[in-house]
Amino acid sequence: MGGGASGHTPDTSVLPQSPVLGIVIPVFGSTLSLLTIIEDIRLTFTPICTFRIYLVDDGNPPDIGDWLVQNCAGLPHVTLIRLKRNYGQQNAVLCGIRHSL
């Protein structure tokens with residue numbers, strides 16, 4: 001018999017077929033590693049769950065905001081949220097969490 005030390009098999013019918021994961025990334029001032037981070041997340045989580053990455057543009061200057069739109073907005077699994085001004089890291093994270101619900 002399989003199922004571990006107790007000899008019984010757990011009932012997996014009550015577990016979700018694919019867990020859903022929301023990942024919030026506040027972005028302010030730098031985009032140097034952002035595409036690498038997104039790709040690492042994609043490679044890590046694609047085989048194990050459904051996920052969505054929420055990039056929160058926390059009031060970046062226009063050049064960074066434009067870069068985010070051009071390079072990230074159309075990527076699979078990515079939602080770009082743009083704030084009109086800088087609200088700080090904590091508020092950017094909370095905005096991403098609220099958007100994911």
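Phe45 counts as partly exposed, because its relative accessibility is 23% (buried is under 20%, exposed over 50%, partly exposed in between; 1.4 Å probe, protein chains only). Phe51 counts as buried at 5%. The model is predicted, so local features need pLDDT of at least 70 and side-chain atom pairs pLDDT 80 or more, while totals for chains, interfaces and linings use all residues. Residues are numbered from 1 along each chain as its sequence is written, and side-chain values use heavy atoms, without hydrogens and water.

One aromatic pair is found in the whole structure. The ring centres of Phe45 and Phe51 lie 6.4 Å apart and the planes meet at 50°, so the pair is tilted (rings of Phe, Tyr and Trp, its six-membered ring, pair with centres within 6.5 Å; planes under 30 degrees apart are stacked, over 60 edge-to-face, the rest tilted).

Three strands form an open sheet in the order β1-β2-β3, with parallel pairing (strands are DSSP E runs of at least two residues, helices H or I runs of at least four, numbered from the N terminus; pairing needs at least two DSSP bridges). β1 (20-27) and β3 (78-83) are the edge strands, each with a single partner, so one side of each has no neighbour in the sheet. β1 pairs with β2 (residues 50-58) in the parallel sense over eight bridges. Val27 stands opposite Asp57 in β2.

Ile97 belongs to helix α3 (residues 89-100). Ile97 counts as partly exposed, because its relative accessibility is 38%.
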